[in-house]
Amino acid sequence: MALTGTGAPATSIAMQPCPGTHTYQRESGRTRAAERAALGFATLPALFTFTVDVETHPGGAGAAAPTRRLLDLLDATGSLGTFFVLDEVVRADPTLVRDIVRHGHEVASHGHAHRHLAAEGPVAFRAGMTAARARLADVSGAPPLGYRAPYFSLTPAARWAPAILAELGFAYSSSLLPARNPLAGWPGAPLRPFHWTGGLLELPVPLGRIGPLALPFLGGMYLRWLPPWRLRALSRDWAAKADGDPLWSYCHPYDLDTAEGLVRRPDAGALGSLMLWLNRRSTLPRLQGLLRGRRSVPFAARLAEIGAQAPVWPPPA
Ligand SMILES: [Zn+2]
């Protein structure tokens, strides 16, 4: 993309930040960072799905402002994504949900409460999700097809969840981290999309390996924290093994919230809270880099193709 206004209308030149100003340095620094990030992602497929977990958290300015920045970013690159919206946000800000739909994106559910599934249990989950799904359908204008568990917490202790999601009418879930992880994971689950026996399609989060660690590198704090050379290596490794696997990224509104003060989160320790807070300025350029030369389409538009090749797991006895 052109950086300066050669041949551009005068109005857009007038809106460019002035060289030497603080804004100019910040903007051009971001552009350079986006270009560096784009190089690092060059081996990844041109088609992917940009996903957002729309949630609030203590100390933040709320989900609305950063979510709208993401809408602008996707508009500017002609991309469409999937937004998993937490019920709390649906209740507090239905206009935001409608705006996401108006921009052409898919709206899906991030659950009725931001808790680990295992801590919740099937009874509370079924009741909470029944209400949350109806509310989201009401606000967005269509019943959601997709669900993402908070913290990717579809673990062996929550193996009851896929059947309930299918029963409620969900077509797919994007809730499983198929490795050992300090927060939540299901070691031994397939790395590739599969159908649960009840029919629900599961889209496990793409992982990158660093020694014994398996990290969901294309999202959240990993995307912010990993150095560019590491992101480049993980992208190359993922692409080499992908064999047509669907690629997707994820982020949260707070990943872009640079104005937020440091708070001790109730769902993370002191170190975790610090890591979730630091380095947020790198989020936007890295997402820009990911979108450069790449097209995002919502999961809903890819389900038939992905589902056709997905086996059933666990395999029928
Ligand atoms: Zn979340």
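Trainee: Which residue with a positive phi follows α12?
Mentor: That's Gly293, with phi near 70 degrees. Keep in mind that this is a predicted model.

Trainee: And α12 itself, how many of its nine residues are buried?
Mentor: Eight of the nine, so helix α12 (residues 283-291) is largely enclosed by the rest of the structure. Among the buried ones are Arg286 and Gln288, along with Leu284, Leu287 and Gly289.

Trainee: Switching to α8, which residues are buried there?
Mentor: Ala161, Pro162 and Leu165, in a helix that covers residues 161-168. Looking down the axis of α8, they fall within an arc of 95 degrees, so they line one face of the helix.

Trainee: What covers them?
Mentor: The cover includes α6 (117-120), α7 (122-140), β4 (146-147) and β5 (172-173).

Trainee: OK, strands now. Which way do the residues of β10 point?
Mentor: Trp248 and Tyr250 point one way, Ser249 and Cys251 the other, and all are buried. Strand β10 runs parallel to β1 (residues 47-54), and four bridges join the two.

Trainee: Last topic: which residues have the most contacts inside the largest nonpolar core?
Mentor: Val54, Phe83, Val85, Phe152 and Leu154, in a core of 68 residues.

Trainee: What does Phe83 touch, leaving out residues up to four places away in sequence?
Mentor: Val52, Val54, Ile100, His105, Glu106, Val107 and Ala108.

How values were computed:
Residues numbered from 1 in each chain as written. Predicted model: local features only at pLDDT ≥ 70, side-chain atom pairs only at ≥ 80, totals over all residues. Buried ≥ 20, exposed ≤ 12 C-beta atoms within 10 Å, placed from the backbone. Pairing = 2+ DSSP bridges. Core = buried A, V, L, I, M, F, W, Y, C linked by C-beta atoms within 7 Å. Contact = placed C-beta atoms within 7 Å. Arc of directions from axis to C-beta.
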